Amino acid sequence: MTNTFFCIELPMLNVDLHCHSNVSDGTLTPAALAARAKANGVELWAMTDHDEVGGIAEARAAAAALNLPFVPGVEISITWSGQTVHIVGLRIDETNRALVAGLAATRGGREQRAREVAARLATAGIPDAFEGALKYVGNPDLISRTHFARYIMELGLCDSLQEVFADYLGEGRPGFVPHRWATLEEAVGWIHGAGGIAVIAHPGRYRFSDLQFDALFTAFKDLGGAAIEVTTGSHTADQYETYARIARQYDFLASRGSDFHGPGESRVDLGALPALPSGVKPVWHDWNIAH
Ligand code: AMP
Ligand code: MN
Ligand code: MN
Ligand code: MN
């Protein structure tokens, strides 16, 4: 296979195209996130709440008041080959009916799942976790494992969110409840139907074989998927290079996003990632960015 190398001559913008507000599982309001992005020197910013676009109007207005170029986004949970994969949609029309309906359906099973998580945690010696997690939920429509993780930290059972996932909430742990999300076809279809660009989020997080990764990238490409995240708060420095290589190999555009969830929680702050490795084409390469 021939690799395609691009010559990048864009100014090195501080771009952050992935983060979460308290409308999903972040801790800051959309307006507070916008202010933090601006203060951290972000020059092009997307907010990408999980399965939810309810915070975009607030984020857009706050960004406009700060003269911060804003990209409406979303991060959609899908199930692919038995695992959860996240697909980011960028430059979406968040009012698109099929997208809004698809996201509502995707969110639909979360409360029931959360009750099952709580029941399993009770068996594991942590009672009342549903009520405990609810204290951290900003949007009753979007109860996430992150909210359970914050409650388990409050109880003093773990010192970090990572530890909670390793001990209680990750796959195969006592509080894990398998869940079927949207399909790859649905998520990419909703994003495209809303005029957006589809991006595979943090590919380094998935536990797929090389064969499965190839099948995922190929299926995504065949559906018109355009980009993968290369620099993200979920990747190690080695993985920046690995996924830059993958981006060239499959002719994907490259995205950059901190995946910031809140101060003191996330490894990488808004705007704090290193630049994309050379030789990849940024997903924003042909966007008309008004400053
Ligand atoms: P859910 O959508 O309810 O399955 O929750 C998934 C969320 O949990 C992700 O978006 C992350 O914010 C968080 N998460 C998953 N795995 C970890 C981990 N190992 N450490 C910290 N947070 C995690
Ligand atoms: Mn999250
Ligand atoms: Mn994700
Ligand atoms: Mn995310």
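How many Å apart are the manganese ion (ligand 3) and the manganese ion (ligand 2)? They sit 5.6 Å apart. This is a predicted model, where local features need pLDDT of at least 70 and side-chain atom pairs count only at pLDDT 80 or more, while totals for chains, interfaces and linings use all residues. As for bookkeeping, residues are numbered from 1 along each chain as its sequence is written, chains are lettered from A and ligands numbered from 1 in the order in which they are written, and side-chain values use heavy atoms, with hydrogens and water left out.

**The metal site**

- The manganese ion (ligand 3) is held by E75 (OE), H86 (ND1) and H202 (NE2), at 2.1 to 2.2 Å. Donors here are N, O and S atoms within 2.8 Å of the metal (3.2 Å for Na, K and Ca), and since water is not among the atoms, sites may look incomplete.
- Read along the sequence, the donor residues of this manganese ion (ligand 3) follow the spacing E-x10-H-x115-H.
- E75 belongs to strand β3 (residues 70-80) and H86 to strand β4 (residues 83-90), eleven residues apart. Strands are DSSP runs of E with at least two residues, helices are runs of H or I with at least four, and both are numbered from the N terminus.
- E75 is buried, at a relative accessible area of 1%, and H86 is buried too, at 11%. Buried means under 20% relative accessible area, exposed means over 50%, and partly exposed is in between (1.4 Å probe, protein chains only).

**The strands around it**

- β3 and β4 run antiparallel to one another, paired over eight bridges. For strands to count as paired, DSSP has to find at least two bridges between them.
- The two strands make a hairpin with two residues between them, and S81 in the turn has a positive phi of about 50°.
- V88 in turn has V199 as its bridge partner in β5.
- β4 also pairs with strand β5 (residues 197-200), again in the antiparallel sense, over four bridges.
- Seven of the eight residues of β4 are buried, leaving the strand mostly covered.

**Salt bridges**

- You'll find eight salt bridges in the structure. Each is a side-chain nitrogen of Lys or Arg within 4 Å of a carboxyl oxygen of Asp or Glu.
- One of them joins R107 and E52, at 3.6 Å from N to O. R107 is in helix α3 (residues 97-108), while E52 is in the loop between β2 (44-47) and α2 (56-65), 55 residues apart.
- D141 lies in the loop between α5 (129-134) and α6 (145-154), so its pairing with R107 ties together parts that are 34 residues apart in sequence.
- D141 is partly exposed, at 39%. Put together, E52, R107 and D141 are linked in a network of salt bridges.
- Another salt bridge joins K135 and E154, whose closest N and O atoms are 2.8 Å apart. K135 is in the loop between α5 and α6 and E154 in helix α6, 19 residues apart.
- K135 is exposed at 54% relative accessibility, and E154 is partly exposed at 41%.

**Cysteines**

- A search of the whole structure turns up zero disulfides, a disulfide being a pair of cysteine sulfur atoms within 2.5 Å.
- C19 is buried at 0% relative accessibility, and C158 is buried at 4%.
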